[in-house]
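Colleague: Could you walk me through one part of this model, the place where the ligand sits? I am new to this, so please take me around slowly.

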Amino acid sequence: MKKILTYGTFDLLHEGHIHLLRRAKDLGDYLVVGLSSDSFNEIKNKMTYFPYQSRKMILEAIRYVDLVIEETAWEQKISDVLKYDIDTFVMGDDWEGKFDFLKEYCEVVYLPRTSEVSTTKIKQDLFNQ
Ligand code: C2G
């Protein structure tokens, strides 16, 4: 079984997130998603609309997602790759190169981001209505 790992905040879920999750799952058989905790989002300076439990429940309802784990620190990726026996780590290419240190432990794939959509744009568009 080929196991895939990705991370994110996944707030105000949109087609860019789903497109990423679908492409990640297409690379293997089992997709693990490291979902950023509320406290880790503070470290990332990301204000989320939905709290962790809501974002987790929504992700777990997606057919491409097999397991959601909590992301609480930048430093947990190597131990997660080893703990969950990951074959391929996947992120959108806005992170291109940032996680190449994982190449020692698994394949690293950066997928093109979906243009024209982002949680930030959703918030801005709603605010300016
Ligand atoms: N994404 C995408 N297209 C978009 C928006 C997001 O492909 N239009 C991808 C991002 O590249 C990322 C994933 O969807 O791979 C989740 O995006 P975010 O929730 O914004 O995640 P981020 O804040 O980048 O967290 O340790 C890694 C971090 O937790 C990543």
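This is a predicted model: local features need pLDDT of at least 70, side-chain atom pairs count only at pLDDT 80 or more; totals for chains, interfaces and linings use all residues.

Modeller: Here is a tour of the ligand and the residues around it.

Around the ligand you will find 21 residues, and the closest include Lys 46, Glu 71, Lys 77, Asp 94 and Val 117. If you sort this shell by class, you get seven nonpolar, eight polar and six charged residues.

Now look at individual contacts. The side chain of Asp 94 has an N or O atom 2.6 Å from an oxygen atom of the ligand. Lys 77 also reaches the ligand, with a polar side-chain atom 2.7 Å from one of the ligand's oxygen atoms. For Ser 36, the distance between a side-chain N or O atom and an oxygen atom of the ligand is 3.3 Å. How much of the ligand does the protein cover? On its own the ligand has 640 Å² of accessible area, and the protein covers 96% of that.

Strand S1 (3–8), helix H1 (15–26) and strand S4 (88–92) supply at least two shell residues each. Helix H1 gives the largest share, with three residues.

Finally, here is the wider setting. The UniProt record, an unreviewed entry, places the feature "domain: Cytidyltransferase-like" at residues 5–124. In the model, that span is 33% helix and 22% strand, and the C-alpha atoms at its ends lie 30 Å apart.

Technical notes
Residues are numbered from 1 along each chain as its sequence is written. Side-chain values use heavy atoms; hydrogens and water are left out. UniProt positions are given in the numbering used here, feature names are shortened, and annotations may be inferred rather than shown by experiment. Helices (H or I, at least four residues) and strands (E, at least two) are DSSP runs, numbered from the N terminus. A residue is near a molecule or strand if one of its heavy atoms lies within 4 Å of it. A polar contact is a pair of N or O atoms within 3.5 Å; within protein, one must be able to donate a hydrogen and the other to accept it, and residues adjacent in sequence count only if both atoms are side-chain atoms. Accessible areas come from the Shrake-Rupley method with a 1.4 Å probe; for residues, only the protein chains shown count as cover. Ala, Val, Leu, Ile, Met, Phe, Trp, Tyr, Cys and Pro count as nonpolar, Asp, Glu, Lys and Arg as charged, and the others, Gly among them, as polar.
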